Amino acid sequence: MTEDSEYLEHHLGSLMTTSGTDLGEITAVAPEIIKRARRRIDVDELFDAVRNGDRTRISRAITLLESTAPAHRVLAQELLVKLLPFSGNALRVGITGVPGVGKSTFIEALGMKLIEEGHKVAVLAIDPSSTKTRGSILGDKTRMSKLSAQDNAFIRPSPSAGTLGGVAKATRESMVVFEAAGYDVILVETVGVGQSEVAVAQMVDCFTFLALAGAGDQLQGIKKGVLEMADLVAINKADGPNLKNAKRAARELAAAMRMVRPEDALWHPPTMTMSAVEHEGIDEFWDVVNQHHEAMLASGRFEQNRREQQVGWMWSMVHETILQRLNTKPEVLAAKKLVESQLRDGQITPTLAAERILNAFDTE
């Protein structure tokens, strides 16, 4: 058996085990599954096309990474291994904020500015999936019509697919594809709800929080954790009659930032106002992003953060895989119906119910 075939059998085996397939079946089925998948997907050809900036193939590569089919996951990992040496050269900027703050409008204005300066810009727009239908609107391209028409821009709306925090499972892997294709700025727009801020902050170089003046008490409406993670805070829609409120909100948030960041911190996140619609403050925003990048490089924190992100990536995959195995293991499925029925009837406590599910998961 060759090294490649051993790799494929091992990884396909773990993936098929995740879905509850018997290991005995894998040996017989795996080669044929892989063979059929290879007839449709040429990994080497896909790699060359991505490296050459073929937009259609870049989209196909990301679709492959997002696929949950066992054979596709194997081919996706092969492609990632080939692309990884050519990645890591882009500046990754995370952008979050409450719905309606103007993230899409801001990203389009920033993206157009960067393209004019000669950058290649990729936008990963995470769209929330319905908890009922699992569907997503994926309407970010329509909200960024000018940017999506640019040759040096690539907008990829992706469904969150139920991932904790609304961050698509393949977001990190999609970054690798874009970087290997030559995109030097990657903007990650998150849903702006739940724990998505945490997930995005752990995969980007500069984490930006967009706020909105006149939408309630600024300090009560923003979690302390978000301020602690933010590298830059911007009050958007600072125009017209809202300009005065925006400046006041910026002063309040600046005071809050001083409270959550120690005085001897390497970087003190600035708070600024801007108007994406009127293109006011966009240049200043990008100047701050570059200043932050230079400060991180000079201190050695940039490489340190990138290494920590790799570790975080690993653990997120571990948690994701364990959850998938928990939801598909036959012993758990067998115990689930009884435990849920007992819980609804008040016969057991949630703590005891959880213990029984975990015991079923631990059963060999």
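1. E173 forms a salt bridge with R73 (a side-chain nitrogen of Lys or Arg within 4 Å of a carboxyl oxygen of Asp or Glu), with 3.6 Å between the closest N and O atoms. The pair links distant parts of the chain, 100 residues apart: E173 is in helix α9 (residues 171–180) and R73 in helix α5 (residues 70–83). Helices are DSSP runs of H or I with at least four residues, strands are E runs of at least two, and both are numbered from the N terminus. E173 and R73 are buried, that is, under 20% relative accessible area; exposed means over 50% and partly exposed in between, using a 1.4 Å probe and protein chains only.

2. The model is predicted: local features need pLDDT of at least 70 and side-chain atom pairs count only at pLDDT 80 or more, while totals for chains, interfaces and linings use all residues. Residues are numbered from 1 along each chain as its sequence is written, and side-chain values use heavy atoms, leaving out hydrogens and water.

3. A second salt bridge joins R306 and D205, whose closest N and O atoms are 2.8 Å apart. R306 lies in helix α15 (residues 301–328) and D205 in the loop between α10 (196–201) and β5 (206–212), so the pair ties together parts 101 residues apart in sequence. Both residues, R306 and D205, are buried.

4. E45 and R57 also meet through their side chains in a salt bridge (3.2 Å, N to O). E45 is partly exposed, with a relative accessible area of 40%.

5. The whole structure holds nine salt bridges. K113, E117 and D283 are linked in a salt-bridge network.

6. Overall, the protein has 17 helices and seven strands, and buried residues make up 46% of its 364 residues.
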